[in-house]
Amino acid sequence: LIVALILWVTTTLLRFVILSALVFLVTLSVGCGDSSSGSSSDTPPPPLIFVPGYGMSSLRVEISHGNSVNTAFNFLLPAMNPVDILPPPASSAKDYAILSGLPEDEVVKVHDWLKLDTLESGQVQNRMGVQVKPVSIGKDFVAECPRYQSMANKLAAYGWKADDNLFCLPYDYRFPPASTAFVTHLRDLIDTALLDSASSNVVLACHSQGCLLSYYALREIDPAWLDEKVLLLFSFAGQFSGCSDCLRWAFQEEWSWDTDNALASASDQTWAGELALDLQESVYGDRVLYTNGNWEYRADDVALLLNDAGALAMLRATNYYRLNDQDWFRLGDVHRKPLTVESRFVYGNGIPTTVGFDYEEVPARSPECLDPSCAGFSDQQYPGLIQANGDGGDNAWMNEAPKRWTEDTACDTRALPGVSHMKIVDNSDALGLLVNSVRNLQAGQRGCVGVAPQVR
């Protein structure tokens, strides 16, 4: 009798374990886990268009005098593109530019050529005789987005092949979203990608600042067209607001060819693409982001900070381009309206991340001082760091901004502890969530990335 009882208990426990495992696998298949399960992997993936982060688009620069182009070369921002990702035989970003057509005796002119002129209205424009555009669009993934070659290699295992059904959409990151041809380029690339595809729609994936441009486009393009052409927006560590620590670039030493120059920023003081977005109270609240001695600057003090730091041209640009004044941005941030396209947001957290800077007391800027060089902030080359939770690049407040307006935060968002801002694009869990989302949507399922998806 005792033996029979033991056998019965053992059999019952075994059945319970098997049943629990089956329930777990079913749950995983509807999008809760990190695997790439979903609809059959035999289903060809739709074309994937990828939008790179800030400074990671390869740009073509043309300098003209009169009607002829005198100098033309390719440019990769040194601070954002490590030597090991540069197309061979380039050994540095400067070498890359020279090999693509930049005369060595004109290297010193590049900083000036790439500056933007800020009009009295605050609008920015290229300098006279300067034209900057992507090297190409959707034709050569590695040339257009060399920083993401590792990601492309890993996506090949899921059926995405560079320049076949995986395309890069570079852009001129010096300008704010609404001041580029990004929307036109995106529409054209979607149509091109679908020409030879069995799929009727595409996946739009993005990283960092590229997600802000993607978000802008999805707010601007006709929803009926998007419903037909775009299956999913998938964000890797997406930026959907102004960047608090980046704001320092408006009054910091400008970008350098020398990647070992710790004093240089990843921007020019005139590039409004990242610096003129303002900071949103909806994202940052009343948290202290900068200090000047005992004086504190919060999100609603950006104008005061730029003024005190002598960044008067960027202050004019901010008054012109700030996100809170853009109707497309207010649809989500103020009116909490979800995108019409299915959207998923994956980002890292749990890493100390710089959100601002602590300056020792800087004397008040004199009325005669009209730029950062004489305002005092730039003299403090190593201010203290103000840090918070994030992915080591973007803070968590920025990454979580879509929670204000996405349809179902529990389903649509996922934090991956310990995954850094740049590593997320080829992180196996993050890529698995992308694949899982696509396959589930292809199968007519929601395909959540969150740990507790809600059924709708």
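Mentor: On a 1 Å grid over the protein atoms alone, a cavity is a set of points where a 1.4 Å probe fits but cannot get out, while a pocket is an open set with protein on both sides within 12 Å along at least five of seven lines; lining residues have an atom within 4 Å of a point. This is a predicted model, in which local features need pLDDT of at least 70 and side-chain atom pairs count only at pLDDT 80 or more, whereas totals for chains, interfaces and linings use all residues. Residues are numbered from 1 along each chain as its sequence is written, and side-chain values use heavy atoms, with hydrogens and water left out.

Trainee: What makes about 40 Å³ the volume of the largest cavity?

Mentor: Grid points are joined across faces, edges and corners, and a volume is the space filled by probe spheres set on the points; for the largest cavity that space is about 40 Å³. The count comes to one cavity of 30 Å³ or more.

Trainee: How do you know which residues of the cavity lining are charged?

Mentor: Asp, Glu, Lys and Arg count as charged, Ala, Val, Leu, Ile, Met, Phe, Trp, Tyr, Cys and Pro as nonpolar, and the others, Gly among them, as polar. The lining includes Asp 333 and Arg 404, and its residues divide into six nonpolar, no polar and two charged, so Asp 333 and Arg 404 are the charged ones.

Trainee: What is the volume of the largest pocket, and which residues are the closest to its centre?

Mentor: The largest pocket holds about 780 Å³ of space. Of its 33 lining residues, Ala 79, Met 80, Asp 245, Trp 249 and Ala 266 are the closest to its centre.
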